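I opened the file today to look up a few points and write them down. My notes follow the display.

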Amino acid sequence: MQQTRETGTSRPAAVYRLWDGEGKLLYVGSSYDPEVRVKGHRRAPWWPLVARRTDEWHVSREAAYDAEGQAIIHERPVHNVVGTPRHTGPTERGRVQREASDARWLVALRAVRNGATEEEARMAGGWAEVEYLEASGLLPRLAAKWRDQMEREGGTDHSRRMELPSVVNGRLTWEMRVSEVRAAAAAGAVVRGSWVPQNAERWARLEPELIG
């Protein structure tokens, strides 16, 4: 099924590791641009301990997600929560589902931005969500259900309902700030402008990486 999971427009992504001065692994993450992504950790209370970063590059975001999950499980970074025994209980499971949903949107939007069709982007996003859940280890039944939907039906209920953004005056909507998109929608310039207002919270979380 690997061919199905790629959009044909995949680009390299990195698994990054943050270490303290004594060589202790503090955190593992993944990103298309680890230099930009790591800036988001500077508000973490453990950030002053970070002495260096190493990057491990993979052929696609999906491959990086897989490697990130395995690294969290086997290398046990001190400050990761997702994918560790600490990440348990309803609150934590809910957070994992939100993070998996963000992964779906992020991968899908990146795919469209790189020239994939909406259907290819939905597929890529659906696989990202499934693999994020699988890496967490917290929702195995849900992950198995969604994997089955991806393999049998070509998408989950979530991925099939995604309303991916349209071009606005030659620019993609996620490259505009929410206020600009709303102003464009009010002026009648957005064909499917409901996407941004309904997902303002998600936009706020994803904006740094989407436009970084």
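Entry 1: I am working from a predicted model. I began with the strands. Three of them make an open sheet, ordered β2-β1-β3, with antiparallel pairing. I then checked the edges. They are β2 (25–31) and β3 (50–58), and each of these pairs on one side only.

**Entry 2: β1 against β3.** How many bridges join strand β1 to β3? I found eight, with β1 covering residues 13–20 and the two strands running antiparallel. I picked out one partner in β3: valine 15 is bridged to glutamate 56.

**Entry 3: the helix on the sheet.** Next I turned to helix α3, residues 61–75. Helix α3 packs on the sheet and touches β1, β2 and β3. I noted its direction against that of β2 as about 165°.

**Entry 4: arginine 93.** I moved on to a single residue. Arginine 93 lies in helix α4, which spans residues 89–113. Is arginine 93 buried, exposed or partly exposed? Its relative accessible area is 32%. Buried would need under 20% and exposed over 50%, so I logged arginine 93 as partly exposed.

Which residues does arginine 93 touch, leaving out those up to four places away in sequence? I listed Leu138 and Leu139. I then checked the spacing to leucine 139. Arginine 93 and leucine 139 are 46 residues apart in sequence, yet their C-alpha atoms are 7.4 Å apart in space.

Note on methods:
Residues are numbered from 1 along each chain as its sequence is written. This is a predicted model: local features need pLDDT of at least 70, side-chain atom pairs count only at pLDDT 80 or more; totals for chains, interfaces and linings use all residues. Side-chain values use heavy atoms; hydrogens and water are left out. Helices (H or I, at least four residues) and strands (E, at least two) are DSSP runs, numbered from the N terminus. Buried means under 20% relative accessible area, exposed over 50%, partly exposed in between (1.4 Å probe, protein chains only). Contact means heavy atoms within 4.5 Å. Two strands pair if DSSP finds at least two bridges between them. Axes are lines fitted to C-alpha atoms, for helices over the stretch in contact, and angles run from 0 to 180 degrees between N-to-C directions.
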